[in-house]
Amino acid sequence: MSSNAFTIPGVQIDEKSWVDTLHEWVTTVDHKRLGVLYILYALLFLVVAGVEALIIRIQLMFPHSHFVSPQVFNRLFTMHGTTMVFFMGMPILFGFANYLVPLMIGARDMAFPRLNAFSFWLSALGGFLLYFSLVGANGLYGAGNAPDVGWWAYAPLTARAFSPGHSTDYWTLALLVSGFGSIGTAINIIATILCMRCPGMKLSRMPLLAWLNLVMAGMVLLAVSPLTAAQMMLLIDRYLGGHFFDTQAGGSAMLWMHFFWIFGHPEVYVLIIPCFAFMSEIIPVFSRKPIFGYPVMVAATVCIGFVSMSVWAHHMFSVGMNSYANSFFTITTMAVGVPTGIKIFNWLGTMWGGRIQFKVPMLFCIAFLFQFLIAGLTGVMLGSAAFASQLTLSYFVVAHFHYTLVGGVVFGVFAAIYYWYPKITGRMLNETLGKVHFWLFLIGFHLTFDLMHIPGLLGMPRRIYTYEPDRGWDILNLLISVGGFIQAIAVVIFVANLIVSYFKGKKAGNDPWDAWTLEWATSSPPPAYNFASIPLVASRRPLWDLKHPEDPDSRYE
Amino acid sequence: MSAMANSFPQAPATWRLPDRGKVAMASLIIAESAIFTIFVVAYLFYVGKSLTGPTPRELLETPIFYTICLLSSSLTIHFAAKSLTRDRVGAFLGLWVLTIVLGATFMYGTAQEWHRLIYEHGFTISTNLFGTTYYSLVGLHAFHVTAGLLMLLIVAIFGLLGRVGVQHSHRVEVLSMYWHFVDAVWVIVFTVVYVLGR
Amino acid sequence: MKSSTLRFVAQTMLLLLWFAMAVWASEPIDPSPHGTNIFAPASTPAKSISDLSVFVLVITGIIFVVVFTLLVYSVIKFRGRAVDAGREPAQVYGSTQIELAWTIIPILIVIVLFLATARSIHAVQDAPEPAGAIQVTAIGHQYWWEFRYPKLGVVTANELHIPVSESANPVPTFLTLLSADTDHSFWIPELAGKTDLIPNHPNRMWIDPLRTGIFLGQCAQYCGVQHAKMLLRVSVDSPADFAAWVRGQQQPAVQDASVATGRHVFESNACMNCHAVAGTNANGRFGPDLTHLMSRVTIASGAATNTPENLRLWIQDPNAIKPGSLMPAMKLSDSDLEAVVSYMETLR
């Protein structure tokens with residue numbers, strides 16, 4: 001990570017040893033380095049959780065398979081879900097927020113650099129704790145055991161009686177610790193965006209990435225806290241003899257569900273909103289047009305932020321709420337689809353009339369649009385309580401949320417990596433390898449997750465380590481698993497591209513994509529201080545104004 | 001970079017942004033409020049639902065005196081912070097220490113109440129649903145009071161050593177926001193536990 | 001081929017494949033027993049849901065086709081050509097009319113979908129309960145189902161028998177759903193949407209099956225190690241068959257002197273702590289009622305067919321069939337094992 005410095009003649013500068021470099025990285029408070037640490041950490045867990053998924057898919061290729069035992073399978077799906085949400089999704093998006101927000105608002109760093117570092121290391125500790133359970137948690141027979149209660153850890157399955165040993169406690173503690181890290185980062189993002197914008201950058205001139213990360217951070221404050229509270233209650237039950245979720249003492253299993261999903265639903269919007277931000281930055285650049293309807297994009301996101309806090313019980317359509325509650329959550333869930341749909345139309349409107357360049361980041365964005373459309377529509381189906389009473393807890397839901405999380409979040413993250421890797425490292429990722437990665441991953445994704453809807457419609461529930469051969473699910477599961485392997489190959493190619501391009505990639509220069517936001521106004525990679533002098537902006541696309549002084553945006557805003 | 005500055009005719013005359021200490025503390029307060037809300041919801045949900053054991057009516061004595069102590073400490077800290085902005089360090093210190101004394105008195109009250117409940121009535125967090133929700137809600141609040149008292153104490157020590165001046169008034173203001181939050185939470189906990197829950 | 005055209009073709013082919021599979025998959029696999037296809041409803045609540053679902057699918061399908069077409073069109077029509085290099089297209093910032101239109105239309109669609117859904121929710125959840133309905137209490141256990149018919153004095157496990165409900169003489173079955181331990185979910189896709197069994201939170205659901213036959217399902221809420229093997233089998237019988245079944249279940253256990261040894265093994269080992277055999281000393285509630293074990297087609301909640309070999313294996317070592325199930329391996333000697341299996345075989 002060399003900064004764009006010039007050599008001072010006549011001075012001997014010693015080369016840094018690897019110990020010094022390591023020390024610098026471990027003690028850094030620079031938002032760019034912390035951003036990279038978050039992203040690398042998340043990519044590591046992407047691979048780990050991906051391997052967990054592959055083992056799950058091998059077990060499910062054939063009915064009555066014995067590839068793994070039921071105990072191991074149950075730990076695998078618990079770890080896969082927990083890892084992907086908390087130690088892949090959240091960190092990678094916090095990483096991009098950390099890296100990009102200060103650059104895009106013309107600031108030198110986040111509002112609280114030390115809090116930033118502290119939050120990262122807390123999150124890292126959380127991931128370590130979760131995987132330490134493999135070694136440390138003594139299960140019934142004295143060996144280490146990963147948690148096996150599902151990533152939602154429903155009560156009373158998590159009670160001492162039904163989950164002896166410490167595997168559940170590792171789950172609880174890992175998330176509690178990383179939850180504090182998430183809240184710290186959210187506070188930092190909000191303070192940075194509200195208090196550190198460069199002169200001229202009114203809120204109405206901020207890049208959409210900043211706006212959407214602001215909304216995301218606000219949601220983290222409101223959503224992660226209920227999970228923190230619920231986990232404290234779970235620990236009180238398990239260790240202090242509390243009865244929060246103890247059904248034998250009059251406690252309520254439903255209460256855990258409500259608390260968990262009050263976290264869980266906004267959480268998935270926390271995961272997707274930064275990806276909406278990526279779309280809103282990347283699609284305009286490769287369509288060569290500004291984002292269509294900036295004010296509505298902001299309003300729609302804020303709307304999603306609020307409405308998504310009121311939809312949580314659509315995850316509970318089978319638990320026996322009364323018809324009024326089910327109807328309420330139906331209408332709110334369908335309502336949140338409206339601003340989401342609007343955003344898809346706005347991205348469409350951005351491409352419309354443009355001159356689309358099919359560089360790799362744009363390929364991932366276009367795929368995102370198709371996939372998020374489908375995911376949104378299956379979401380509408382799941383939001384209809386009556387329809388959902390058949391679909392929920394089946395592979396239809398698994399297909400839906402992988403469509404949003406892989407087809408949405410992972411594709412969005414890939415787009416972001418291809419787009420901003422040149423800024424972060426100073427080198428371009430290989431375009432050919434990128435296209436191979438894209439097409440392979442696309443084919444594998446659709447083979448797996450398009451087909452996966454069907455076993456759900458045919459009655460296959462989720463979280464089962466094997467299935468009966470007389471239900472018509474066999475061939476579908478086989479093909480789904482094959483798709484998983486295709487995706488794995490694509491990810492291997494992607495990782496190879498990341499590594500090879502770091503050393504051999506074409507030099508990127510400041511602004512390889514001819515883009516318009518402030519991060520492209522400094523070198524690649526940026527110097528530690530980001531900008532030589534704090535910029536002064538007069539429109540939403542400061543670099544467009546610079547490049548087109550005859551027709552600046554500032555004239556129209 | 002300088003080229004950019006020259007291209008823009010409309011430089012804003014003054015560029016004022018919110019204070020990041022206050023924004024950060026406000027965000028923290030929002031997150032903490034969400035945590036407390038969940039514990040309050042659990043408390044209210046379980047009112048009257050214990051299968052056995054003592055009820056709130058049988059056990060609880062309304063802590064009026066200690067509540068007055070805690071709520072007045074909001075007043076004293078407000079005036080303490082005000083004094084510091086006016087560089088009246090003596091007044092600031094006196095009011096600040098008074099705040100700590102009032103907060104500590106409140107904690108003593110809670111400790112006394114818990115001692116009575118546990119040792120005289122054998123009522124603990126595992127007794128019944130009321131026990132679980134009571135001790136966790138009041139306990140979570142007491143934990144936040146303790147954390148606040150520790151922070152106030154650190155400032156008091158620096159103040160008594162003569163190291164606190166008007167240049168720290170902003171940080172003191174941010175800290176006092178936290179203390180006001182802790183008091184506001186007590187208003188809610190008091191209402192829920194000692195008024196509504198009985 | 002250009003990148004964009006290639007992706008258009010790939011997307012279209014994938015779409016066609018998806019639709020083809022959906023159509024193929026919706027054929028019932030095997031008429032007897034029935035499949036588990038939510039679009040092959042055989043009961044009123046399932047039918048109400050299925051009709052609503054088709055309506056929702058049609059509307060979302062139309063939305064998909066419209067937006068998909070627009071996306072494909074824009075990707076092809078507005079692709080950048082080499083001749084455009086260096087020139088930027090018209091910089092359009094937005095359009096209030098268009099944005100208003102694509103806000104209002106989705107809101108209207110949402111209202112329509114909500115009203116249709118609310119109607120179905122109400123029809124299923126708030127249905128009145130006729131006097132002659134069959135009452136069943138289902139209790140979920142790790143990892144088996146307990147079924148009690150309080151008005152008929154019947155206790156059985158894992159396989160539910162209910163009468164068909166003809167339109168001339170509707171006899172729906174109303175179930176009360178309870179749980180003895182963790183959360184479970186009762187799901188027979190062709191008979192009803194799923195409803196959970198949650199401890200300390202009784203639920204109610206109803207089925208009025210319109211066809212006789214065997215209907216399959218399984219637990220849908222992860223409940224522990226053997227969640228996957230908590231299978232369900234519902235036998236919808238003609239009224240006469242149902243009455244005969246009930247009569248059979250109401251009898252106390254068959255007393256057969258030739259298996260006295262086996263019965264003695266059963267009652268002197270820990271078996272009777274968990275299991276009940278009506279008319280004997282065994283009245284344990286932790287495990288399934290075995291009074292009429294031989295009237296069931298499967299054992300271990302569907303994990304194995306009810307044959308003497310499987311029964312022997314199950315009693316000797318339950319982990320061989322269902323690893324992690326809560327029945328302990330009794331470690332009986334071979335002769336005791338034979339005797340007990342013979343005893344079980346008489347419990348018709």
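Predicted model: local features only at pLDDT ≥ 70, side-chain atom pairs only at ≥ 80, totals over all residues.
1. Another salt bridge of chain C pairs Glu146(C) with Arg285(C), at 3.8 Å from N to O. Here 139 residues separate the partners: Glu146(C) sits in strand S2 (residues 144–149), while Arg285(C) is in the loop between helix H6 (271–274) and strand S11 (298–299). Glu146(C) counts as buried because its relative accessible area is 4%, under the 20% cut-off.

2. In chain A, have a look at Arg541(A) and Asp553(A), whose salt bridge has its closest N and O atoms 2.7 Å apart. Arg541(A) lies in the loop between helix H15 (474–504) and helix H16 (542–547), and Asp553(A) follows in the segment after H16, 12 residues apart. Both ends are buried: Arg541(A) has 7% relative accessibility and Asp553(A) has 1%.

3. Over all chains, the structure holds 19 salt bridges. A network of them links Arg288(A), Asp511(A), Asp514(A) and Lys547(A) with Glu88(C).

4. On the contacts between chains, which of the two touching pairs shares the most contacts? That is chains A and C. Chain B and chain C do not touch, and their nearest C-alpha atoms are 12 Å apart.

5. Ser389(A) is buried, with a relative accessible area of 11%.

6. Chains B and A bury about 3500 Å² between them, 80% of it from carbon and sulfur atoms. No salt bridges are found across this interface, but eight residue pairs are in polar contact. On the side of chain B, helices H1 (2–7), H2 (20–46) and H6 (129–160) each give two or more residues; H2(B) provides the largest share, 16 residues. In total, the contact takes 37 residues from chain B and 46 from chain A.

7. Finally, there is a nonpolar surface patch of about 610 Å², made by Trp352(A) together with Val54(C), Val58(C), Ile62(C), Val66(C), Leu70(C) and Tyr73(C). Ile62(C) is placed in helix H2 (residues 44–77) of chain C and is exposed, at 53% relative accessibility.

Terms used:
Residues numbered from 1 in each chain as written. Chains lettered and ligands numbered in written order. Heavy atoms only, no water. Patch = residues over 30% accessible without salt bridge, like charges linked within 9 Å, V, L, I, M, F, W, Y side chains within 5 Å. Areas by Shrake-Rupley, 256 points an atom, 1.4 Å probe, with all protein chains shown as cover. Salt bridge = Lys/Arg side-chain N within 4 Å of Asp/Glu carboxyl O. Helix = DSSP H or I, 4+ residues; strand = E, 2+ residues; numbered from the N terminus. Buried < 20%, exposed > 50% of the residue type's maximum accessible area, 1.4 Å probe, protein only. Contact = heavy atoms within 4.5 Å. Buried area = accessible area lost by both parts, 1.4 Å probe. Polar contact = N/O pair within 3.5 Å; in protein donor to acceptor, adjacent residues only side chain to side chain.
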